[in-house]
Amino acid sequence: MAIKVYDGDVAVRVTVNGVKRSGIAEPRTLLSDFIRHELDLTGTHVGCEHGVCGACTVRIDGQLVRSCITFAVQVDGAEIETVEGMADGAQLHPIQEAFRDEHGLQCGFCTPAMLLTTQALLEEDPDPSEGVIRDYISGNVCRCTGYQGIVNSVQNAARRCGDAAATCAVRNEVSE
Ligand code: FES
Ligand code: FES
């Protein structure tokens, strides 16, 4: 339950990439704006702003969610995963390495959401067929790659995560 701070605004407390965070939001504040402007995590991108392109996708309690059609106050108390939580310092996440090696990005605008979507897919199906991959990423619009590089990247990521599953999982340790 969000705490009321003063007229209209509420404090929203979340765990983001394993770190407890809080910020102030108006009841109408979109989660994408809260993440980018209140939490300063600008890896979550905003494209269409009406739930179509998928660029703003983050994970809320493990589920893929479009943050541009979610209110920040709706996620009070939730665990959020954003692209910033994938790399371990300078060490890229295996899924990021797969996208780099297979040229799964050009401008990179869709990439944070593609990475998180790939992570969620591989948790559900560690060895997805090409058809399953194309279906799973169909809610994420890419203007650049023509998608084949992204499909190749997901297949590459599946091989990497099959070899080292522990390093592909969401990091759940919580710090203050
Ligand atoms: S910016 Fe959220 S779906 Fe396009
Ligand atoms: S890499 Fe440019 S939109 Fe996907």
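Colleague: Why are α2 and α3 called oblique to each other?

Modeller: Helix α2 (residues 94-101) and α3 pack at an angle of about 120 degrees, and their axes lie 10 Å apart. Angles under 35 degrees count as roughly parallel, over 145 as roughly antiparallel, and 65 to 115 as roughly perpendicular; the rest are oblique. The α2-α3 angle belongs to the rest, so the pair is oblique. Axes here are lines fitted to C-alpha atoms over the stretch in contact, with angles from 0 to 180 degrees between N-to-C directions.

Colleague: Which residues of α2 and α3 make the contact?

Modeller: Ile95, Gln96 and Phe99 of α2 meet Thr111, Leu115, Thr118 and Gln119 of α3. In contact means C-beta atoms, placed from the backbone, within 7 Å.

Colleague: What should I know about the model itself?

Modeller: It is predicted: local features need pLDDT of at least 70, side-chain atom pairs count only at pLDDT 80 or more, and totals for chains, interfaces and linings use all residues. Residues are numbered from 1 along each chain as its sequence is written, while chains are lettered from A and ligands numbered from 1 in the order in which they are written.

Colleague: What makes α3 largely enclosed?

Modeller: Buried means 20 or more other C-beta atoms within 10 Å of the residue's own; exposed means 12 or fewer, and partly exposed is in between. In α3, 11 of the 14 residues are buried, so the rest of the structure largely encloses this helix. Among them are Met114, Leu116 and Leu122.

Colleague: Why does the span of α3 agree with its number of residues?

Modeller: The expected span is 1.5 Å times one less than the number of residues. For the 14 residues of α3 (111-124) that gives 20 Å, and the end C-alpha atoms are 20 Å apart, so the two agree. Helix α5 (148-163), with 16 residues, should span 22 Å; its ends are 23 Å apart, which agrees.

Colleague: Why does Leu30 count as buried?

Modeller: Leu30 has 21 C-beta neighbours inside 10 Å, so it passes the cut-off. It is found in the loop between β3 (19-25) and α1 (31-38). Residues that Leu30 touches include Ser67, Cys68 and Phe71. Leu30 and Ser67 are 37 residues apart in sequence, with C-alpha atoms 6.9 Å apart.

Colleague: What makes β4 and β5 a pair?

Modeller: Two strands pair if DSSP finds at least two bridges between them. Strands β4 (57-60) and β5 (63-66) have four, in the antiparallel sense. Thr57 stands opposite Arg66 in β5.

Notes: Helices (H or I, at least four residues) and strands (E, at least two) are DSSP runs, numbered from the N terminus. Two residues are in contact if their C-beta atoms, placed from the backbone, lie within 7 Å. Lists of a residue's contacts leave out its neighbours within four places in sequence.
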